[in-house]
Amino acid sequence: MTTVLSRTGEPITDKRPFSFGRWFGRTGWRHIVGVAMVLFSVLPLLYVLSSSLNPSGTLTGSNALFSAVGLDAYVRLVTDPTQPFMAWFGNTLLIASITAVATVFLGALAAYSFSRMRFTGRRFGLLTIVLVQMFPQLLAVVAIFLLMSSISDWFPAIGLNTHIGLIMVYMGGALGVNTYLMYGFFNTIPQDIDEAAKIDGAGHARIFFTIILRLVAPILAVVGLLSFIGTTNEFVVASILLIDPEKQTLAVGLYKLVSNPNYADWSAFSAGAVIAALPVMALFLFLQKYIVGGLTAGAVK
């Protein structure tokens with residue numbers, strides 16, 4: 001498209017004829033990639049939703065999407081006395097919520113200390129955090145079980161088969177990576193803000209709670225959301241530490257429905273997966289404005 005000026009000085013736009021090749025080279029390929037990504041993301045969700053609505057309870061009956069629709073699996077999942085689904089759901093919400101809040105708070109405290117304070121061992125501590133996170137968490141499962149078993153002998157309330165013990169394990173496991181993630185964001189906050197507050201007589205605690213936490217709200221929302229999702233989906237540690245069926249989480253409880261191939265109830269499993277996804281979706285929608293704000297605005301405040 002070229003623009004020329006008329007005798008009166010007004011711009012005259014000379015539009016070129018539409019060319020499919022030129023349009024596809026500029027923007028058309030992006031639409032194709034977008035549609036492919038949407039299909040890639042939506043198809044697994046459709047299969048899970050179709051399976052949850054299939055009364056047969058088998059995987060072969062779910063290959064044809066929505067060939068049979070019913071709420072039998074949801075009713076069976078909620079009303080079956082041998083499957084304390086509501087207890088699993090409540091345990092998951094409780095553990096994931098407390099873990100997310102505590103993880104964000106402890107991570108923010110550690111990140112603020114590493115970002116604003118200068119002390120002996122600061123650089124070594126940061127490197128240790130990165131190195132520890134490189135090892136798979138499965139390596140620590142045996143050590144965690146033995147440690148929690150020993151704690152049960154002295155403090156049964158926070159040891160094996162307790163929600164508090166599981167929350168403490170989650171908090172310790174996520175502290176390193178969350179601290180390093182927040183540390184980078186805290187460094188983007190100008191330290192002149194801290195200096196100005198100190199001149200007015202504010203201490204570290206007041207600066208942290210009244211100024212810094214508000215400026216780093218986007219990264220707190222991101223860490224809280226990731227922690228909630230990770231705790232909701234976690235299976236290995238929860239299956240080892242929680243023994244009583246009434247104390248187990250959704251990931252552990254739902255696995256029992258399909259653990260035996262001869263009696264696997266895939267419809268009830270899919271119904272439980274759909275219900276388990278609702279709190280995560282609600283939290284994501286609630287924090288979406290903070291997440292988008294953090295990615296776009298960051299610390300430019």
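Student: What should I keep in mind about the model before we start?

Tutor: It is predicted, so local features need pLDDT of at least 70, side-chain atom pairs count only at pLDDT 80 or more, and totals for chains, interfaces and linings use all residues. Residues are numbered from 1 along each chain as its sequence is written, and side-chain values use heavy atoms, with hydrogens and water left out.

Student: How many helices and strands does the protein chain have?

Tutor: Helices (H or I, at least four residues) and strands (E, at least two) are DSSP runs, numbered from the N terminus. Here there are 12 helices and two strands. Along the sequence the pattern reads β-β-α-α-α-α-α-α-α-α-α-α-α-α.

Student: And how do I read burial?

Tutor: Buried means under 20% relative accessible area, exposed over 50%, and partly exposed in between, with a 1.4 Å probe and protein chains only.

Student: What about α4 and α6?

Tutor: Helix α4 (residues 122–133) and α6 have axes that come within 9 Å and cross at roughly 120 degrees. So α4 and α6 are oblique to each other.

Student: At what angle do α6 and α9 pack?

Tutor: About 155 degrees for α6 and helix α9 (residues 217–233), with the axes 11 Å apart. α6 and α9 are therefore roughly antiparallel.

Student: On to salt bridges. How many does a search of the whole structure find?

Tutor: The criterion is a side-chain nitrogen of Lys or Arg within 4 Å of a carboxyl oxygen of Asp or Glu. The search turns up two. In one, the side chains of Arg 76 and Asp 265 meet at 2.9 Å, N to O. This pair links distant parts of the chain, 189 residues apart: Arg 76 is in helix α2 (residues 72–79), and Asp 265 is in the loop between α11 (250–258) and α12 (266–296). Arg 76 is partly exposed at 29% relative accessibility, while Asp 265 is buried at 17%.

Student: Which residue forms a salt bridge with Arg 116?

Tutor: Asp 194, with the closest N and O atoms 2.8 Å apart. Arg 116 sits in helix α3 and Asp 194 in helix α7 (residues 191–199), so the pair ties together parts 78 residues apart in sequence. Arg 116 is buried at 11% relative accessibility, and Asp 194 is buried at 3%.

Student: Which residues make the nonpolar surface patch?

Tutor: Patches take residues with over 30% relative accessible area and no salt bridge; like charges are joined within 9 Å, and nonpolar side chains (Val, Leu, Ile, Met, Phe, Trp, Tyr) within 5 Å. The areas come from the Shrake-Rupley method with a 1.4 Å probe, and for residues only the protein chains shown count as cover. Phe 18, Phe 20, Trp 23, Phe 24, Trp 29, Ile 32, Val 33 and Met 37 make a patch of about 860 Å². Val 33, for one, is in helix α1 (residues 20–53) and is partly exposed at 43%.

Student: What should I look for in phi?

Tutor: Most residues other than glycine have a negative phi. Asn 161 has a positive phi of about 65 degrees, although it is not a glycine. Asn 161 lies in the loop between α5 (141–154) and α6 (163–187), and counts as buried at 12% relative accessibility.

Student: Is Phe 286 buried or exposed?

Tutor: Phe 286 is exposed, at 54% relative accessibility. Its place is in helix α12, and its C-alpha atom is 9.8 Å from that of Ala 221, 65 residues apart along the chain.

How values were computed
Axes fitted to C-alpha atoms, helices over the stretch in contact; angles between N-to-C directions. Parallel < 35°, antiparallel > 145°, perpendicular 65-115°, else oblique.
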